[in-house]
Amino acid sequence: MSDSDANGHYATVSRPLKPGIYAPIPAFFLPESEDLDLLSFENHVLRTASAGVGPLLAGSMGEAIHLSHTERSTLIKAARKVLDNAGLVSVPIIAGIGAGSTRECIELAKEAAGAGADCAIAICSGYFAGALAGNKKALKAYWVEISEKSPIPVMIYNYPGAAGGINLDSDLITELAIHCPNLAGVKLTCGDVGKLTRIAATVSELSFASIHPRKNKDAPFLVLGGFTDFILSSAYVNGHGAITGLANVAPHAIVKLFQLCEGSKADPSLLSEAQRLQGIIARADATIAKTSIAGTKFLLEKLHGYGGNPRRPLPPIEPAAAEALWEHSHTQDLVRLERELIAKGR
């Protein structure tokens with residue numbers, strides 16, 4: 001991982017990618033102009049990171065499709081500055097580099113690295129899904145080329161809902177992990193626990209790192225879920241946590257769940273509490289995810305006084321739906337758990 005100084009020189013900074021919880025941070029916008037609301041963004045990056053949640057910028061929740069190249073770089077620089085100023089200098093930043101072409105993804109990777117990102121994450125555009133979805137050779141070539149030409153490690157982002165139905169199977173992801181030393185993991189927003197299990201069965205083997213070393217020693221291949229409803233299941237098949245939008249709303253609760261799940265493997269007495277938290281969090285994840293980005297932003301506005309609306313044409317949540325979301329027992333159970341953990345100092 002590297003940072004550039006005022007003169008553009010790069011100095012090595014160790015910010016290892018570790019198993020745990022990461023959040024796709026929303027981009028916040030001013031009400032009328034829709035310009036970036038950097039103050040809200042910085043406050044939120046610091047709030048989540050202080051709870052132990054790593055930031056992923058310019059992902060789906062971050063409305064990457066609505067951001068210019070310059071805005072993406074601005075957010076990375078702002079996040080790095082606020083983290084460093086808070087003493088969180090070792091917290092890595094993951095940056096989304098998804099775009100319509102391989103060429104543009106590589107450009108975004110270089111720009112992200114220059115702005116201070118430590119790792120990139122790439123989804124395959126769904127615009128030409130009809131030609132790509134069944135073409136394993138083309139899909140493999142996409143991540144091979146990006147990983148080879150990116151100056152920072154790259155994660156695979158498997159999200160069929162945002163990629164025109166393109167859904168990578170476990171064989172292809174495992175093959176990429178073996179053959180691409182600059183790949184640093186996969187986010188499985190397909191929600192396929194079996195797929196996660198199969199990939200982890202290979203990459204979490206003790207011998208994998210020595211047989212297939214990574215280009216960057218600080219960037220092992222992590223197998224991460226895209227939701228919070230199978231963190232417990234993931235832990236027991238040697239997965240590595242999750243990148244989840246719900247961590248924006250309840251960062252302490254989800255970090256606590258991850259810690260309990262990992263701890264229960266050595267201390268079975270923790271399992272029942274892990275199961276209790278998993279139930280609360282899984283129900284809330286299913287309920288809140290149905291309201292997408294607008295629902296998450298509404299909850300942040302309700303809880304912390306910032307959130308706002310997505311950029312047009314993405315609509316805000318309707319008032320009746322917002323009220324129903326806030327009053328839903330699944331939401332209230334999660335909010336109660338989060339507040340209890342904050343009060344206890346987690």
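Tutor: What follows starts with one arginine and its surroundings, then turns to other charged residues, the cysteines and some backbone features.

The model is predicted. R214 sits in the loop between α8 (208-211) and β9 (222-225). Which side chain of opposite charge is nearest to R214, and how far away is it? That side chain is E148, at 12 Å. A salt bridge here requires a side-chain nitrogen of Lys or Arg within 4 Å of a carboxyl oxygen of Asp or Glu. R214 is buried and has no salt bridge. What the side chain of R214 does reach is backbone oxygen: that of C180 at 3.0 Å, and that of H212, which lies 3.1 Å from a polar atom of the R214 side chain. Leaving out residues up to four places away in sequence, R214 touches A177, I178, C180, P181, L183, F208, A219, P220 and F221.

Two of the elements around this site can be followed further. L183, one of the residues touched by R214, belongs to strand β8 (residues 183-188), which runs parallel to β9 and is joined to β9 by 4 bridges. Within this pairing, L188 stands opposite G225 of β9. In a regular strand the side chains alternate between the two faces of the sheet. In β9, L222 and L224 are on one side and V223 and G225 on the other, and all of these residues are buried, so both faces are covered.

K297 lies in helix α12 (residues 292-304). The side chain of K297 also reaches a backbone oxygen, that of A27, at 2.6 Å. Setting aside neighbours within four places in sequence, the contacts of K297 are P26, A27, F28, F29, E63, Y306, G307, G308, N309 and P310.

Elsewhere, charged side chains do pair: the structure holds 14 salt bridges. Side chains of opposite charge can pair when their charged atoms come close. One of the salt bridges is between R80 and D118, at 3.6 Å from N to O. R80 is in helix α2 (residues 69-85) and D118 is in the loop between α3 (102-115) and β6 (119-122), so this bridge ties together parts that are 38 residues apart in sequence. Both R80 and D118 are buried. The pair is also part of a network of salt bridges that links R15, R80, D84 and D118.

Two further salt bridges lie within single helices. K149 and E145 meet at 2.8 Å, N to O. These two residues are 4 residues apart in helix α5 (residues 136-149), which means that about one helical turn separates them. K149 is partly exposed at 46% relative accessible area, and E145 is partly exposed at 30%. In helix α14 (residues 329-343), R336 and D333 are 3 residues apart, again about one helical turn. The closest N and O atoms of R336 and D333 are 2.9 Å apart in their salt bridge. R336 has a relative accessible area of 43% and is partly exposed; D333 is partly exposed as well, at 27%.

For C124, the nearest cysteine sulfur is that of C105, 8.0 Å away. C124 counts as buried at 6% relative accessibility. C190 is in no disulfide either, and its nearest cysteine sulfur, that of C124, is 15 Å away. At 23% relative accessibility, C190 counts as partly exposed.

The backbone has some details to check as well. Most residues other than glycine have a negative phi, and most peptide bonds are trans. R312 and P313 are joined by a cis peptide bond, with omega about 15°. P313 is in the loop between α12 and α13 (319-327). E34 has a positive phi, near 65°. E34 is placed in the loop between β3 (20-24) and α1 (38-50), and at 14% relative accessibility it counts as buried. N238 also has a positive phi near 65°. N238 lies in the loop between α9 (231-235) and β10 (241-243) and counts as partly exposed, at 43% relative accessibility.

How values were computed: Residues numbered from 1 in each chain as written. Predicted model: local features only at pLDDT ≥ 70, side-chain atom pairs only at ≥ 80, totals over all residues. Heavy atoms only, no water. Buried < 20%, exposed > 50% of the residue type's maximum accessible area, 1.4 Å probe, protein only. Lys, Arg positive; Asp, Glu negative; His and termini not counted. Polar contact = N/O pair within 3.5 Å; in protein donor to acceptor, adjacent residues only side chain to side chain. Contact = heavy atoms within 4.5 Å. Pairing = 2+ DSSP bridges. Disulfide = S-S within 2.5 Å.
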